[in-house]
Amino acid sequence: MLDITLKPAPPGVTVQLAGHLDAVTAPQLELQLEELFHADPTPVVVDLGAVAFVASAGLRVFLAGAKKARRAQRVLALCGLQPQVRQVFDLAGMTPLFLVYATADAAHAALRQQGAPP
Amino acid sequence: MKPDSDCKAQSGDWQREVPNRLADVSAAAAAAGDFLRRHGVAEAAAHAVHLALEELLTNTVRYGRPAGPSRVALVIRTDAVVARLEDDGGAFNPLTVPAPDLPPDLDARTPGGLGIHLVRRLVSGLDYERRAGRNLVTVTVAR
């Protein structure tokens with residue numbers, strides 16, 4: 001089970017997730033990110049604060065999402081990683097590939113200051 | 001998905017026959033983690049078992065083409081949790097999967113191939129046997 005809630009945070013958006021990001025739910029996030037990269041908002045901040053489980057299918061979506069974001073000149077950032085989730089990102093060598101923040105507010109504030117996509 | 005109360009009553013043991021569909025195997029993997037937490041297994045070990053079952057069972061569904069359901073059994077020991085997985089799909093030894101290259105550069109990374117890598121890094125023991133046309137995988141996670 002995964003709930004996806006979009007919260008506007010102009011000029012960007014927060015994608016708030018709750019539940020598990022596994023083989024069944026990862027495609028839902030993939031579709032959502034795809035849709036957002038075709039629309040205006042940037043940065044796209046994915047809030048994992050209520051996600052207790054991320055499997056390789058979820059990592060795959062984040063990696064593909066980061067590549068698409070770069071091509072579309074969008075910023076994709078992550079926040080709220082719980083310890084077990086952070087460990088999975090670390091073991092997969094994925095943490096260095098992302099901007100990671102403590103909270104969605106912190107992410108949007110930092111990215112607003114940075115301005116244009118890197 | 002059967003509720004846990006349908007499982008063998010012996011405390012500390014859990015077993016399932018899981019239909020080979022992604023929805024069923026992901027739910028079973030999560031249920032296994034919840035079962036372990038309810039029986040006093042610490043979060044790190046319960047999470048490791050959840051993840052190992054998710055990755056190994058979804059691999060079987062995606063690539064193994066099994067005819068029958070996968071079987072999963074958990075035993076909680078004082079020092080470790082042992083999970084036994086069995087399926088009649090094509091021979092697949094997770095120990096022979098090469099470790100992925102993980103460059104810290106987005107352009108150099110290709111999505112996929114992380115599942116077995118995560119399992120090997122998170123568990124303390126992984127054994128494989130092919131017997132009578134079945135894959136038998138034993139996962140050990142220290143408590």
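Which residues have the most contacts inside the largest nonpolar core? In this predicted model, residues are numbered from 1 along each chain as its sequence is written, and chains are lettered from A, with ligands numbered from 1, in the order in which they are written. Local features need pLDDT of at least 70 and side-chain atom pairs count only at pLDDT 80 or more, while totals for chains, interfaces and linings use all residues; side-chain values use heavy atoms, with hydrogens and water left out.

The largest nonpolar core has 74 residues, and F62(A), F89(A), L53(B) and V139(B) are those with the most contacts inside it. A nonpolar core here is a set of buried Ala, Val, Leu, Ile, Met, Phe, Trp, Tyr and Cys residues joined through side-chain atoms within 4.5 Å. Buried means under 20% relative accessible area, exposed over 50%, and partly exposed in between (1.4 Å probe, protein chains only). Helix α2 (residues 43-64) of chain B gives the largest share of this core, 10 residues. Apart from this core lies another, of eight residues, including V45(A), A77(A), Y101(A) and A107(A).

Setting aside neighbours within four places in sequence, F62(A) is in contact (heavy atoms within 4.5 Å) with L21(A), L29(A), V46(A), L48(A), L76(A), L78(A), F89(A), M94(A) and F98(A). F62(A) is also one of the buried residues of α2(A), a helix in which 12 of the 16 residues are buried. Helices (H or I, at least four residues) and strands (E, at least two) are DSSP runs, numbered from the N terminus. The end C-alpha atoms of helix α2 (residues 56-71) of chain A are 23 Å apart, which agrees with the 22 Å that its 16 residues should span at 1.5 Å a residue; the expected span is 1.5 Å times one less than the number of residues. After α2(A) comes Q73(A), with a positive phi near 55°.

Turning to where the chains meet, 29 residues of chain B are in contact with 25 residues of chain A. The area buried between them is about 2,300 Å², with carbon and sulfur atoms giving 68%; this is the accessible area (1.4 Å probe) that two parts lose on being put together, summed over both. One salt bridge is found across this interface, the term meaning a side-chain nitrogen of Lys or Arg within 4 Å of a carboxyl oxygen of Asp or Glu. The side chains of D107(B) and R70(A) form a salt bridge at 3.0 Å, N to O. H47(B), in helix α2 of chain B, counts as buried because its relative accessibility is 1%. Not counting residues up to four places away in sequence, H47(B) touches A52(A), F53(A), Q84(A), V88(A), R37(B) and L122(B).

The strands of chain B complete the picture. Strands pair if DSSP finds at least two bridges between them. Six bridges join strand β1 (residues 13-18) of chain B to β2(B) in antiparallel fashion, and W14(B) has L74(B) as its bridge partner. β2(B) and β3(B) are likewise antiparallel, with six bridges, and V72(B) stands opposite L85(B). Strand β3 (residues 80-87) of chain B also pairs with β5(B), antiparallel over eight bridges. In strand β5 (residues 134-142) of chain B, seven of the nine residues are buried.
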